[in-house]
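Dear colleague,

I am handing over the structure below, followed by some notes on what was found in it. Please read them with the sequence and the coordinates open beside you.

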Amino acid sequence: MKKIQVVLAEDQAMVRGALAALLETEPDIAVCASAANGREALTAIAKQKPDVLVTDIEMPEMTGLTLAGEVQSRFPETKVVILTTFARPGYLRRALDSGAKGYLLKDCPSAELADAVRRVHRGLRVIDPGLAAEAWDSGPDPLTERERQILWRAGEGKSSSEIAEELHLSEGTVRNYLSEAISKLGASNRVEAARLARAKGWL
């Protein structure tokens with residue numbers, strides 16, 4: 001029997017090892033590679049051509065959401081399962097928009113992960129039911145991708161000039177994007193806007 005080949009992307013080494021050990025106990029699943037960030041995972045996927053990618057969201061260098069979009073574009077035969085701590089409706093919506101087929105929380109029973117890998121491999125979708133209901137009620141993400149990029153950096157404490165240099169924009173353009181994002185979120189400043197957007201999973 002050919003085993004389902006899985007690549008794991010998780011920045012915490014202990015968690016990554018535990019997930020690999022958990023999946024390797026299943027007779028029909030094999031972990032062919034593990035990665036500590038999204039860029040390493042892309043390299044591993046290009047080399048291994050796995051059936052399924054299981055990835056965290058918040059990782060250095062490339063988030064799991066960006067990774068899911070890259071995999072959808074470059075390796076559409078690889079199905080993506082997001083496994084995260086964060087029960088944020090915005091993350092779920094962005095994950096689905098990025099082509100992810102599964103979205104599980106890390107506090108779910110361990111048997112559900114292996115079951116999710118099998119189901120997405122068969123072409124099914126696996127979403128945490130409580131989070132799906134919450135996402136249905138939460139409304140759409142109001143931010144554009146550029147507003148998200150700029151607000152995320154502002155939330156990390158970067159100045160408008162630093163953001164402008166990093167994204168190759170003028171400072172005035174950065175301020176305009178920030179003003180628009182702050183207005184959309186009903187916030188009083190960039191810090192509050194970033195906090196509100198992060199809580200919704202829009203950053």
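Val81 stands opposite Gly102 in S5, where two strands are said to pair if DSSP finds at least two bridges between them, and where helices (H or I, at least four residues) and strands (E, at least two) are DSSP runs numbered from the N terminus. This is a predicted model, in which local features need pLDDT of at least 70 and side-chain atom pairs count only at pLDDT 80 or more, while totals for chains, interfaces and linings use all residues. Residues are numbered from 1 along each chain as its sequence is written, and side-chain values use heavy atoms, with hydrogens and water left out.

Strand S4 (residues 79-84) runs parallel to S5 and is joined to S5 by four bridges. The β-α-β unit made by S5, helix H5 (residues 111-121) and S6 is left-handed.

S5 itself (residues 102-105) is covered on both faces, with Gly102 and Leu104 buried on one side and Tyr103 and Leu105 buried on the other. Buried means under 20% relative accessible area, exposed over 50%, and partly exposed in between (1.4 Å probe, protein chains only).

**Salt bridges**

If a salt bridge is a side-chain nitrogen of Lys or Arg within 4 Å of a carboxyl oxygen of Asp or Glu, the count comes to 15. One of them joins Glu145 to Arg148, with the closest N and O atoms 3.2 Å apart; the two residues are three apart in helix H7 (residues 145-155), and so are separated by about one helical turn. Glu145 is partly exposed at 47% relative accessibility, whereas Arg148 is buried at 9%.

Arg153 forms a salt bridge with Glu166, the closest N and O atoms being 2.8 Å apart, and this pair links distant parts of the chain, since Arg153 lies in helix H7 and Glu166 in helix H8 (residues 160-167), 13 residues apart. Arg153 is buried, with a relative accessible area of 15%, and Glu166 is partly exposed at 35%. Glu166 also forms a salt bridge with Lys158, where the closest N and O atoms are 2.7 Å apart, and Lys158 is partly exposed at 27% relative accessibility.

Notes
A crossover is right-handed if, with the strands pointing away from the viewer, the path from the first strand over the helix to the second runs clockwise.
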